[in-house]
Structure formats: structure tokens, C-alpha cells
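Welcome! Take a moment to look over the sequence and the 3D view before reading on.

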Amino acid sequence: ECCPALAGGLSPDPHDAFRAAVAAAPGCAVAADCAVLQTSCPLGCAHAVPRSAYDALAALAADHVRQSVARQGQCAQDCEAPPAVVCTAGRCAFVD
């Protein structure tokens with residue numbers, strides 16, 4: 001199990017739970033360990049995540065978006081192509 005933050009579900013604040021799960025995900029050794037997780041409103045456009053946690057984080061993001069739409073209706077955002085991912089100090093990140 002990659003992400004301890006997933007165990008408690010998404011209440012009370014799914015956005016915080018998603019950010020915590022990304023932060024708690026395993027680290028990386030090289031850029032190839034990282035992937036771009038494209039998300040939608042209200043989570044932002046994309047997140048740099050470790051490949052080993054990608055599926056769990058994608059499922060959590062999809063859950064959050066579904067809950068958010070059910071509570072608040074559809075939101076919209078304009079997204080550009082995400083930058084490349086790198087492994088910096090053991091964490092996945094986007095190239096600045």
C-alpha cells in the first residue's frame with residue numbers, strides 16, 4: 001500500500017487528503033521513477049507523482065473529483081501541457 005493517507009478515506013476535506021497522499025507517497029531515485037498525474041478541477045491540472053503510487057493516487061483524485069462535483073457542481077479550469085518531471089532530493093517534481 002503506497003499511501004497511508006488513503007486509509008482514512010476522503011472526509012472531512014478531500015483536497016487535503018489528496019495533498020497528504022501525494023506528500024506521503026514513496027520517493028524517487030531518478031526521473032524515470034516519476035510520472036505526470038493529470039487531474040481536473042478542483043485539484044489543479046497535474047501533479048508529479050511516483051510511478052509506484054500512480055494508480056492509487058489516480059483513484060483518490062477521481063474519487064475527490066466525483067465528490068466535489070456531487071457537492072458543488074462541475075467546475076472548470078484551463079490547463080496547459082504539464083512540464084517535464086524530475087526527481088529532486090528524492091521527490092518527484094516538475095521542471096521549473
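## Reading exposure

A residue counts as buried when its relative accessible area is under 20%, as exposed when that value is over 50%, and as partly exposed in between. Please keep in mind that this is a predicted model.

## The salt bridges

How many salt bridges does a search of the whole structure find? The search gives 2.

Let's begin in helix H1, which covers residues 14-24 and holds both arginine 19 and aspartate 16. Their side chains form a salt bridge, with 2.1 Å from N to O. The two residues sit 3 residues apart, about one turn of the helix. Arginine 19 has a relative accessible area of 44%, so it is partly exposed, and aspartate 16, at 37%, is partly exposed too.

Helix H2 (residues 54-72) contains arginine 66 and aspartate 63, again 3 residues apart, or about one turn of the helix. A salt bridge joins this pair, and its closest N and O atoms are 2.6 Å apart. Aspartate 63 has a relative accessibility of 33%, so it counts as partly exposed. Arginine 66 is exposed, with a value of 52%.

## A histidine in a strand

Now turn to strand E2, residues 46-50, where you will find histidine 47. Is this histidine buried or exposed? Its relative accessible area is 18%, which means that histidine 47 is buried.

A polar atom of the histidine 47 side chain lies 2.9 Å from the backbone oxygen of leucine 43. Beyond its neighbours within four places in sequence, histidine 47 is in contact with several residues, including Phe18, Val36 and Phe94.

How values were computed: Residues numbered from 1 in each chain as written. Predicted model: local features only at pLDDT ≥ 70, side-chain atom pairs only at ≥ 80, totals over all residues. Heavy atoms only, no water. Salt bridge = Lys/Arg side-chain N within 4 Å of Asp/Glu carboxyl O. Helix = DSSP H or I, 4+ residues; strand = E, 2+ residues; numbered from the N terminus. Buried < 20%, exposed > 50% of the residue type's maximum accessible area, 1.4 Å probe, protein only. Polar contact = N/O pair within 3.5 Å; in protein donor to acceptor, adjacent residues only side chain to side chain. Contact = heavy atoms within 4.5 Å.
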